[in-house]
Amino acid sequence: MKVTRKRRRRIRKRWIALAICLLMVVPTVSYVRALLYPGSASFSVRTVEWFRDHGGGGIVDAIETWKYTHQQPPATGAPIDVTTPTSTAPTIGRPGARAASTGLPVVQLLPGVKRLEGEGTWSVARQSRTGVPLIWTSWVRADPGHLPVTAAAALMPRNTYHLHLMPGTREPLVGMRSKNGYSVPQADRSALVATFNAGFKMNDSHGGWWTTESAAIPLVDGRASVVISRDGSARIGTWNRTVRMTKDVVAVRQNLDPLIVDGRIADNLTVNANGRWGTLRSQLQYTWRSGLGTDAHGNLIYVAGNKLTLATLASAMHQAGIVQGLELDIHPAIVSFNIDRPGANGAVTGQRLLQSMVPPANRYLVDDQRDFFYVTAK
């Protein structure tokens, strides 16, 4: 009888061990697939995203919130990073009337803070072969409590650019088909001007993703939206309030609630009621952030910087002249704006808007897991 009981215990232990092994096999296989899935993404990004997709989002959010809210920047010191104009590029500085006369917005500086050299000055960072400015850049300090914190602005003048929305291998949908691939199409590279990140992952964006090729995620009323028309121009607004579907619309990318409407920054950015701008405490994180908007002249403006909170990102966007704007994506591995210069034989040389940006300067010239925008010259 004793032998029988021992045998039963051994069998039970073997079954338990087998069950544990089987339980480990499934997530292990899933994780390995995530690490090997096509599209550019770092090991850490793949690991974090896999953890999020398998029920660990709350833990990741808690870790990120602790990390980025405890990395408060210093109150004084030199700027973190600034845009560097080319040596031959024309600049437009103060007084503001001169900038306004060119169709560029007047950059507003922090009140009571002495202006630094180059701050608030628009400089040409990319121009056509005939000398037409295609990208103007500037930078500002947006946080009066942390003066080293800077944000860069890249302005694409109205009627000079054609904006395109591209899918990645995993966003907006895993395995989504794309006739043009998941990087800047070769046919458009000779006219390429810039590439930059889109919004949050679709599960976190609270919005939709639509092109004439694929209605991937249903569009949501009231969400902040980048709306691209057939002529390549872009409008920023609130879906089915200030922007809506027409026969001229070719793409829509939504992300959270609007940050700036009619020149006014949204209220309660430090409260984030109902998670309008992401998880409850993400708005307080000092991290890389990006936003997109249009100014009063219809120019398209991208803004990004490190050590920004949601409120200081909105402030920087407002300072740069944005009157209709939304937040794009956040965190170091994601925020990316590259100024691109096509060369011979289809080669493209990329330059980061800010040298401290983490993603490579050739991002989106190879397949990427995330959806993105790219700009060509008209």
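**Contacts, sheet and salt bridges**

Modeller: Val 250, leaving aside neighbours within four places in sequence, is in contact (heavy atoms within 4.5 Å) with Trp 210, Thr 211, Thr 212, Ile 228, Ser 229 and Arg 230. This is a predicted model, where local features need pLDDT of at least 70 and side-chain atom pairs count only at pLDDT 80 or more, while totals for chains, interfaces and linings use all residues. Residues are numbered from 1 along each chain as its sequence is written, and side-chain values use heavy atoms, with hydrogens and water left out.

Colleague: Which strand is Val 250 in?

Modeller: Val 250 belongs to strand 10, residues 249–254, strands being DSSP runs of E with at least two residues, numbered from the N terminus.

Colleague: And what is the strand order in the open sheet?

Modeller: The order of the four strands is 7-10-8-9, with antiparallel pairing, where two strands pair if DSSP finds at least two bridges between them. Strand 7 (209–211) and strand 9 (234–238) are the edge strands, each pairing on one side only.

Colleague: Switching topic, what does Arg 253 form a salt bridge with?

Modeller: Its partner is Asp 371, with the closest N and O atoms 2.8 Å apart; a salt bridge here is a side-chain nitrogen of Lys or Arg within 4 Å of a carboxyl oxygen of Asp or Glu. The pair links distant parts of the chain, 118 residues apart.

Colleague: Is Arg 253 buried or exposed?

Modeller: Arg 253 counts as buried at 2% relative accessibility, the terms being buried under 20% relative accessible area, exposed over 50% and partly exposed in between, with a 1.4 Å probe and protein chains only.
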